[in-house]
Amino acid sequence: MTILTVALKYLRGRPVASALTIVSIALGVSLMVASVLLARGIKEGFIAGTTDYNLVVGAKGSPMQLVLGVVFRMDLATPNIEYTIYRDLQQDPRVETAVPIGMGDAYRGFRYVATNGAYFAAFPWRRKTFALAAGRFFAEDQQSEPTYEALLGAEAARSTGLQIGDRFYEGEEMAEYPLTVVGILRSTHSADDRAIFFSLPSYWGMNEIARGMAIKPLTAVLIRPRRMSDLPSLHRELNVAAETQAVLPSGVLLTIFNMMAVAEDVLRMILAIVGVIVLLYVFVSMYSATIERRREIATMRALGARRATVLGIILTESAALATAGGLGGIVGGHAVAYFAGSLLGPSGLVTSHSLFNVFDPAVLASVILLGTLAGLLPAVLAYRTEVAENLAPLS
Amino acid sequence: MAGSEEIPRLTFAQLVDSIRADSGVTETIKSYSGKEVAIQGFIVPAGPPDLSFFLLSRVSALGNYCCEAPVGQDETVYVFAAKEVNITYDPLRIFKIVGVFEAGMRADATYGPSLFRVRNARVEEALGAKVFKTGDFPASASKP
C-alpha cells in the first residue's frame with residue numbers, strides 16, 4: 001500500500017469530518033476567488049463603460065456627480081448649462097467634436113438622454129460603436145417641430161418590453177408628450193444599454209419651462225479635442241469660467257478606484273482572516289484525527305512503519321483535503337462570480353469573469369501548500385508517537 | 001538591467017528649449033529618440049482610466065486656482081504605458097515616468113498629433129521631485 005492509498009483510506013474512514021473539512025476549505029476559497037473576480041469585474045466594467053470623450057463640461061458642482069450622471073447614469077443630473085456653451089465649444093478651433101447632452105427624467109428608472117446624431121457617430125478614435133437591433137435612429141428634428149421619437153438601449157427595451165411603434169410616458173404631466181419608439185440599439189455593454197435616447201428639441205418640447213426659455217438648457221457637453229495637448233488648457237478655461245466646470249472622466253474614475261482600493265484593502269483583511277480560520281479548521285480536524293488514531297499509528301509503527309511514513313500519511317491527508325477543497329473552491333468561486341456578474345451585468349458596470357485563468361493553478365497550489373502546512377503539526381505529533389506508550393492496555 | 005539612476009532625465013525646460021520655429025526639434029533632443037529616459041511631471045488622465053495612455057504635464061492641469069495652465073504640445077508629453085499602471089492617482093502629485101523617448105511631430109490615430117512621446121513607460125511616484133521651469137536646468141542633467 002502506498003502512502004496515498006493509506007491516506008485516502010483514512011479520509012474515507014471518517015467521511016463526515018473529511019467532507020466538512022473539504023466544504024469549509026471550498027467555502028473559504030470560493031469566497032476569496034469570487035471576491036477578487038467581482039472586484040476586478042467592477043473595475044473593468046467601469047473602464048469598459050467609460051466614455052470615449054476626454055472632457056465632460058457641465059454646471060459647477062460635483063465632478064463625480066457630473067460623470068456618474070452623464071456617463072454612467074448612476075446619479076442625478078447636475079444643474080443646467082446654456083445651449084450657447086455648446087455652440088461656443090463647437091466653434092472652438094481646439095475642439096474636434098462636441099456632443100450636447102440633456103438629462104432629467106426617466107421611464108421606469110431608465111434615464112432619458114437627449115442628444116444629437118454625433119453621440120452615435122463612429123469616429124476613428126472611438127472604441128464604442130452603436131448599431132441598431134431594430135428600427136432606426138431618432139430624427140434630427142427642428143426645434144419648432146419636435147418628433148418625440150425615442151431610441152431605446154438594449155436593456156431598457158428588454159426590461160420595459162417596449163417595441164417599435166409603442167408610445168410611452170411617465171407621469172401625468174408627460175401624457176401630452178408621449179415618446180414613440182422608433183429604434184432599439186444593440187447592447188454596448190455600457191450604461192447606454194439602460195438609456196432612452198431622443199432629440200434635444202423633443203427634450204425641450206416636453207418641459208414647460210424649457211419651452212418658454214429663449215436660450216435652451218443642456219446638462220452637459222462631451223468634448224473631444226483636436227490635440228490631446230489642448231486638453232489641459234480647455235479644462236482650465238472651462239473651470240475658471242463662472243458657469244461651467246470641466247471634468248476629465250478618467251480622472252474621476254481614478255478617484256473612484258482610489259476609494260475602492262480602501263474597500264479592497266478592508267476586503268483583503270477580511271479574506272485573510274477567513275483564510276486563517278479555514279487553516280485553523282484544517283489544523284483542528286487533522287489534530288483531532290491524529291489524537292484519535294494514536295493507537296493505530298503506534299500499531300503501524302510496531303508493524304514496521306517508519307516515522308517518515310507516518311509523517312507522510314498525515315501530510316498527504318492534509319494535502320488531499322486541501323486539493324479537494326481548493327478545486328471545489330475555485331469552481332465555486334467562478335460560479336458565484338459568473339452568476340453575480342450575470343445579475344449585475346445589465347447595469348453595464350460589471351464585466352463577468354466566468355473563464356478560468358492562469359492564476360487558478362497558482363491559487364490551487366497555494367491552497368494545497370497552506371493546507372499541507374496546516375497538517376504539519378499533527379503530522380509531527382504522529383511522527384513522535386511513542387509505540388510503547390500508546391500500545392499500553394486501555395484499562 | 002540598468003538602474004534608474006543611470007537613465008538620463010529630461011526636463012520640460014529642455015523640451016521647451018528644443019522646439020524650433022518650424023515646430024521641429026533640435027538635434028540634441030532628437031538624439032534621445034529611441035533611448036530610455038526619465039521625465040517627471042503631473043499626470044493628466046486624458047486617455048482611458050487604466051492609464052494605458054495619459055499626458056505628462058509640467059504643471060498640474062487640475063489645480064484650477066493657481067499656477068499657469070500648460071499651453072500646448074511643448075509642455076505635455078504623450079505617455080503610452082508598457083503595462084497596467086499600478087499607482088494611486090493624484091492630480092497634484094509628481095510622478096516619474098521611464099520609457100523610450102520619441103521627439104518630433106507624429107500623429108497617432110487615436111490620440112492625435114504630438115511632439116514628444118514616451119512609449120513602454122513605467123510609472124512611479126517621484127519622491128522629493130522638482131519640476132524645473134523654463135530656463136532652469138538640473139545640475140545633474142545627463143547628456144546623451
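**Note on the predicted two-chain model**

1. Chain B contains 2 helices and 6 strands (DSSP runs: helices are H or I of at least four residues, strands E of at least two, numbered from the N terminus). In sequence order the pattern of chain B is β-α-α-β-β-β-β-β. Of the 144 residues in chain B, 53% are buried (under 20% relative accessible area; exposed means over 50%, partly exposed in between, with a 1.4 Å probe and protein chains only).

2. This is a predicted model, in which local features need pLDDT of at least 70 and side-chain atom pairs count only at pLDDT 80 or more, while totals for chains, interfaces and linings use all residues. Residues are numbered from 1 along each chain as its sequence is written, chains are lettered from A and ligands numbered from 1 in the order written, and side-chain values use heavy atoms, without hydrogens and water.

3. Chain A is split into domain 1 (3–47 + 255–390) and domain 2 (55–247); the bounds come from an automatic or database domain assignment. Taken over C-alpha atoms, the centres of domain 1 and domain 2 of chain A are 50 Å apart.

4. Helix α8 of chain A (residues 231–240) is largely enclosed by the rest of the structure, because 8 of its 10 residues are buried. Among them are A:Leu231, A:Pro232, A:His235 and A:Arg236.

5. A:Leu369, A:Leu370, A:Leu373, A:Leu376 and A:Val380 make a nonpolar surface patch of about 410 Å². The elements giving two or more residues to this patch are α12 (359–374) and α13 (376–383) of chain A, and α12(A) gives the most, with 3 residues. A:Leu373 lies in helix α12 of chain A and, with a relative accessible area of 48%, is partly exposed. Patch residues have over 30% relative accessible area and no salt bridge; like charges are joined within 9 Å and nonpolar side chains (Val, Leu, Ile, Met, Phe, Trp, Tyr) within 5 Å. A salt bridge is a side-chain nitrogen of Lys or Arg within 4 Å of a carboxyl oxygen of Asp or Glu.

6. A negative surface patch is formed by A:Asp105, A:Glu170, A:Glu172 and A:Glu173. A:Asp105 sits in strand β3 (residues 95–107) of chain A; its relative accessibility is 39%, so A:Asp105 counts as partly exposed.

7. A:Thr385 is in the loop between α13 and α14 (387–390) of chain A and counts as buried, at 4% relative accessibility. The C-alpha atoms of A:Thr385 and A:Ala134 are separated by 76 Å, with the two residues 251 apart along the chain.

Terms used: Accessible areas come from the Shrake-Rupley method with a 1.4 Å probe; for residues, only the protein chains shown count as cover. Lys and Arg count as positive and Asp and Glu as negative; His and the chain ends are not counted. The place of a charge is taken as NZ of Lys, CZ of Arg, CG of Asp or CD of Glu.
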